[in-house]
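The sequence and structure are shown first.

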Amino acid sequence: MVNSHFIVAVLLVSFTCTTSIHSIWIGNVGFQNRTWAQAISLAKDFVSKLTLEEKCNMTGGVAGGCVGNVLPIPRLNFNGMCYQDSPSGVGDRVAHSTAFSAGIHIAATWDRNLGYQRAAAIGREFRGKGVHFALGPMMNMDRNARHGRDWEGFGADPYLSGENAFAYVQGVQDQGVVATAKHYICNEQETNRNPGFLARENRVNPNARIAYSANLDDKTMHEIYLWPFASSVAAGLGSIMCSYNQVNGTPACQNDKTLNGLLKGELQFPGNVMSDWGATKSGVESALGGLDIDMPRGGDFLGSAILPAVKNGSVSESRITDMIIRNMAPFYLLGQDEGFPQLDLDRDASGNNYIVNREVAAAGMILLKNTNNALPINPSTDNMVYVYGGAAGQSDEGYRSGASQQHIGALYQGGGSGFVDPAYGIDPLSSLMHKSRDNHVQIRYVTNQNDFGAINSSFHDRGFTGAKCLVFISAFSSEGADRHDLYSLDGGENLVQIVAANCPKTIVIVNSVAQLNLEPWIDHPNVVGVLWSGMPGQEYGPALADILFGDYNPGGKLVFTLAKKDTDFGTDISTTMVSEYTEGVFLDYRHFEQKDITPRYYFGFGLSYTTFTFSQLDISKSNNENKQSASAQYRQTRTRSYSNFGSSGLYDPVYEIKFTLTNTGKVNGSEVPQLYLGFPAEAQQPRKVLRGFDRVYLGPGQSKQVSLVLTQKDISYWNVVKQQWIVAPGDYTVWISTSANNADVKLQSSFHE
Ligand code: NOJ
């Protein structure tokens with residue numbers, strides 16, 4: 001049911017226009033959403049009825065049906081709360097879940113509306129199964145290309161991550177489910193993340209249980225790593241998960257500076273801090289350091305174990321009370337005290353979520369190379385298609401998270417707690433069969449990529465001459481381990497080279513968790529097309545086939561740089577117990593530009609089957625009077641009963657940037673104008689940083705005035721002396737571009753502060 005205060009704007013995007021779901025939803029779907037003040041007051045009332053023992057018990061999780069469970073108090077008609085993975089659907093091996101496209105994939109759509117729609121669909125599944133807290137979104141930065149969990153996050157830029165986090169938090173919370181931003185903070189590698197966690201005795205041996213320390217300065221913390229968490233808090237985030245690692249030498253779950261100082265102090269986060277599973281390293285220090293609940297179980301450190309410390313005065317009762325208020329406030333904030341569905345993790349609550357999942361899958365795919373319009377396949381001239389590679393079909397071990405690595409098949413998501421067992425998964429080969437039938441195209445395939453006899457013999461098939469060859473390669477990674485290298489599974493590079501040596505129209509489909517080294521084959525003259533299919537979720541096949549056959553015009557953009565040499569990234573996994581973030585704010589494209597390194601493909605890059613022009617750039621101060629203004633709409637779409645922008649005005653719109661975008665080609669398509677900002681010297685910024693974007697869908701010949709908004713925070717830098725966001729006086733350059741490559745800048749202007 002659509003409430004009257006919904007604004008539904010339908011934009012026609014796909015070629016056929018039949019699967020378009022580009023509606024903008026504003027507001028919640030009718031649950032009892034409250035303000036934080038109301039929620040806190042209800043939580044205070046609840047806690048006032050608890051004994052000290054009950055309060056202490058509630059500071060630790062308990063065993064139960066979910067991956068994390070909060071103790072029920074039947075006397076108060078409180079049935080407890082369920083915490084469940086993952087950021088990309090309801091995970092932890094439950095039945096009847098949708099495996100949505102991964103975080104890295106939704107980020108690659110650069111489409112806030114789709115981000116919201118995807119999160120709302122995820123939220124509906126969590127709610128439908130009776131889960132109170134969703135353990136997502138994940139927003140650790142893609143600082144290290146080999147990080148095993150990059151696929152769960154939103155890429156390498158803090159602004160882009162922040163915008164994705166914002167849409168996710170509101171999409172999920174508008175369904176009455178609490179979002180949990182994780183992993184707070186600076187959890188950018190798996191190596192040494194929690195040594196000794198598995199050995200219970202190590203929980204009391206401080207030397208064995210301590211993880212690596214991410215060491216960084218205050219400016220870098222604020223401008224890069226804290227940014228997406230701050231956006232989440234502004235969105236109205238209910239919960240946050242502290243991470244396994246240490247930050248500047250103190251474990252993240254007892255880090256007074258990051259938890260009490262930055263999060264609860266500076267950002268004024270009113271919700272709860274839960275530990276990552278087994279990330280609590282102490283009792284008293286954690287309670288005092290800002291942790292509110294030890295997951296998955298109290299007992300060693302918090303829960304009943306903290307009672308003696310309260311009795312002997314090491315931890316005040318008021319701190320314990322505060323912990324429970326924070327744990328309960330999100331529950332009341334989103335009206336979970338009224339009519340929340342009973343827990344049944346295997347209940348099918350997927351509704352028609354496949355529609356948004358398929359749309360996101362297609363929207364996040366990125367066309368990297370398309371020599372002489374090799375794509376889309378034109379059935380009247382390309383009526384023979386050859387498919388190579390295990391990654392085109394189903395894994396022979398089903399959908400198990402770890403199975404993908406040994407039993408190569410199409411990857412819908414990466415592995416670990418972020419993995420969702422898909423209710424079904426449609427592989428590319430199956431969908432290509434359907435398209436081939438509809439378009440009278442003949443299809444041949446070899447999915448055993450080590451069967452070189454079959455591969456070589458295919459080159460001599462009747463009809464091979466003139467065929468288009470689709471080569472599928474993939475790269476998998478998982479929580480718990482970082483990648484060994486940036487190459488594909490099972491010799492994928494070799495497969496591309498063999499096919500390209502024989503097929504003049506070779507198109508490579510890259511099904512990868514994160515960065516991949518394309519150098520062994522990218523310059524081969526027979527590699528005429530490259531489509532980055534990313535981590536697209538269980539609707540992979542239909543989405544990909546639509547793009548390959550031109551039923552959907554690709555428009556995704558890279559959310560990280562693809563380097564020519566792995567060392568070009570300048571940052572990597574640390575194998576010692578310390579990871580020094582010495583690059584400071586010069587991460588990814590900021591680093592490549594600073595060091596003048598030409599990458600293979602720039603951050604923000606992606607091609608289309610159509611072309612665009614940009615014109616009439618206009619910069620003006622925000623217009624808050626006119627309700628139709630970009631600033632007013634910006635505020636309206638982002639405001640909820642529970643949003644939490646604070647009183648500092650940091651999230652107030654201060655500039656409107658307008659320009660006209662025109663689709664000058666022959667087919668429908670989308671472009672992503674990207675606003676890069678250059679700061680005065682005082683701000684000590686990289687040459688340019690991303691501060692705005694929009695994904696704009698246009699029919700052939702159609703034009704649109706695009707409006708981007710800059711907030712006060714967007715034009716500020718973190719002044720470490722004043723401990724404030726400051727606007728440096730001077731000239732600011734605005735570049736409207738289609739990637740971080742300066743050669744892609746379309747419009748340029750400036751403003752003065
Ligand atoms: C550990 C992971 O780091 C975290 O992301 C997840 O939510 C918990 N385990 C629960 O499975």
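The sections below treat the basis of the model, the ligand surroundings and the backbone.

## Basis of the model

The model is predicted; local features require pLDDT of at least 70, side-chain atom pairs count only at pLDDT 80 or more, and totals for chains, interfaces and linings use all residues. Residues are numbered from 1 along each chain as its sequence is written, and side-chain values use heavy atoms, with hydrogens and water left out.

## Ligand surroundings

In Asp85, a side-chain N or O atom is 2.5 Å from an oxygen atom of the ligand. For Lys182, the distance from a polar side-chain atom to a ligand oxygen atom is 2.9 Å, and for a side-chain N or O atom of Glu479 it is 3.4 Å. The protein buries 94% of the 300 Å² that the ligand exposes when taken alone; accessible areas come from the Shrake-Rupley method with a 1.4 Å probe.

## Cis peptide bonds

Most peptide bonds are trans. The bond from Lys182 to His183, however, is cis, with omega near -5°. His183 belongs to strand β4 (residues 178-184), where strands are DSSP runs of E with at least two residues and helices are runs of H or I with at least four, numbered from the N terminus.

Pro137 is located in the loop between β3 (133-134) and α5 (158-173).

## Positive phi angles

Most residues other than glycine have a negative phi. Asn248, in the loop between β7 (246-247) and β8 (250-251), has a positive phi near 45°. Its relative accessibility of 44% makes Asn248 partly exposed, a class between buried (under 20% relative accessible area) and exposed (over 50%), with a 1.4 Å probe and protein chains only.

Asn373 likewise has a positive phi, about 50°. This residue lies in the loop between β10 (366-370) and β11 (384-388), and Asn373 is exposed, with a relative accessible area of 62%.

Key
Polar contact = N/O pair within 3.5 Å; in protein donor to acceptor, adjacent residues only side chain to side chain.
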